[in-house]
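The following note sets out several points on the model under review. The sequence and structure are shown first, and the numbered remarks follow.

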Amino acid sequence: MNIVDIIGKIIPVLLAGLFFGAGLPALYALGMRMLAGTTEYTADGRLVEIEGPSALAKAVGYIIFAIIFVVIIIGILWIAKDFILHITGFNLFGLAGK
Amino acid sequence: MWSLHNRCVTTELIILVIVVLTALAFDFTNGFHDTANAMATSIATKALKPKTAVALSAILNLVGAFLSIEVAKTVGKGIVNLDNAGDDTGLMLIVFTGLVGAILWNVLTWLLGLPSSSSHALFGGLIGATMASLGTDGVLWAGVLSKVVVPAVAAPFIAAVVATVGTWFVYRLAQPVSDDKKRSNFRYGQVATASLVSLAHGTNDAQKTMGVIFLALVAANEIDPNADIPFWVRLACALAIALGTYIGGWRIIRTLGKGLVEIDSPQGMAAEGASAAIILTSSHFGMALSTTHVATGSIIGSGLGRKGAEVRWGVMGRMVIAWLITLPASGAVGAATWFVGHYLNVWTGSEWLGELVVFLVLVGFCTWMFLHSRKEPIDPSNVNDEWGAPAASSTGGAYSGIASATASATAGSKKAEV
């Protein structure tokens, strides 16, 4: 195993990690921001909401949360793909048993 | 003839029972050693109460263990070559002493509060026992390099990069969100990501013990090599890892949750999100990364990605030392116990005395380390105490490094170790 092989194996792991592992938390934070409305610091330094989010921002926020929810469900099915293949014979993602 | 046959069967059965019990004990240590990987951040940020966190993780590990269908029926495939182990008794002794090496290393690192990979401990123990029995030819060094060493070096860096980027974005994007909404949203985020890590852990790690027990059953001619894993093996392994997780390795939880970085809830979510994503995708790309190395790297990254957060590199340094010596240390114990077991049998002509003595040595050392841990107990009540503050007990010793902790372990002094 030479250094090129090693880097060749690390890069896809890193990219997938960045896409899901950094991307999804970032997307979640973006969803939070969409639902945050208008906020203001109080005199004692707390950040409080003074006005709710607009209807549009709210809709975008919920769509983002829905996307994340779906990805998590897919993640669980991914974990369970071999189990599903064994029990039902259905090869989810076409990758089970590998 | 009848009585001779009978005697052999009884001996085989005794050894089989000892090996199966030892395998389950390893599974149990695997559970409590790795609770921290999923739950340390949620416990540190108080997203979950300590007991709730370990209970949730235990249930998900249990479920995960049942989800693992494709159990590898070989142990350490590609790392050790056990084809030349001779008769089945020889194979059993290698697997058994390998497990003993792994358990002793797991319990010692737990005592010192150091997260170290249970898979590495198992591989190390097996490599050591194999070398003792078959010489260096029994070890597939190219496999050790590509399947153990390279992933171990790469994992913390990959995880740290991912978690740094994630943390940076999360803080940026969520900055204007009110404190109340931050608290509740990040709490959900942390519980969801930590749950995914727990589930993935159960799926990956319980399998290893199932494979070990299956191998032992085959060696004892109790099962056909092509048969399915029996249900009782699956159930026993699932329960052992879940029980271990529920007991919770509080010493390691404390190190990962409080020692490495002062974690706030956005960092906790980013760290576990990174861990979950990397653990779930890496094996697909042919590089199975250890949960422990990934989780530690992610927590470091969550400290790097937050402006002004402190990463305690001294604590990290101790972990890296533990990681570096995991393979040789558990290997040395595996080899030493193999020699003890093997030569006791050779000298006394017994077929089981060696195994029994090694088993008693294992029980003795584990009891001793457990009793030692009671001098400075870490439990749900003090797991979140300020890092570096005097320990809960009256000794008031500062949390010390691996060197002094080891020294205190040997000297039996009361200096605190985490």
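Predicted model: local features only at pLDDT ≥ 70, side-chain atom pairs only at ≥ 80, totals over all residues.

1. The surroundings of α10(B) deserve mention next. Of its 14 residues, 13 are buried, so the helix is largely enclosed by the rest of the structure.

2. One neighbour of α10(B) is helix α5(B). Two packed helices are described by the angle between their axes and the distance between the axes. Helix α5 of chain B (residues 141-174) packs against helix α10 of chain B (residues 291-304) at about 35 degrees, and the axes are 6 Å apart. The crossing of this pair, α5(B) and α10(B), is right-handed.

3. The residues that form the contact can be named. On the α5(B) side they include A152(B), A155(B), P156(B), A159(B), A163(B) and T167(B). On the α10(B) side, H293(B), G297(B), G301(B) and L304(B) are among them. By class, the contact of α5(B) with α10(B) comprises 13 nonpolar and 8 polar residues, with no charged ones.

4. As to chain B overall, the chain contains 13 helices and 0 strands. Of its 418 residues, 58% are buried. Among contacts in chain B with a separation of 6 or more, 84% are between residues 24 or more positions apart.

5. A single pair illustrates such a separation in sequence. I59(B) and G202(B) are 143 residues apart in sequence, yet their C-alpha atoms are 9.3 Å apart in space. I59(B) belongs to helix α2 of chain B (residues 50-67).

6. The last point concerns the interface between the chains. In chain A, 37 residues are in contact with 41 residues of chain B. Elements giving two or more residues to the chain A side are α1 (3-34), β2 (47-51), α2 (55-79) and α3 (81-88) of chain A. Helix α1(A) gives the most to this side, with 20 residues. By class, the side of chain A that touches chain B has 26 nonpolar, 6 polar and 5 charged residues.

How values were computed. Residues numbered from 1 in each chain as written. Chains lettered and ligands numbered in written order. Axes fitted to C-alpha atoms, helices over the stretch in contact; angles between N-to-C directions. Helix = DSSP H or I, 4+ residues; strand = E, 2+ residues; numbered from the N terminus. Left-handed = near helix turned anticlockwise from the far one by under 90°. Contact = placed C-beta atoms within 7 Å. Nonpolar A, V, L, I, M, F, W, Y, C, P; charged D, E, K, R; others polar. Buried ≥ 20, exposed ≤ 12 C-beta atoms within 10 Å, placed from the backbone.
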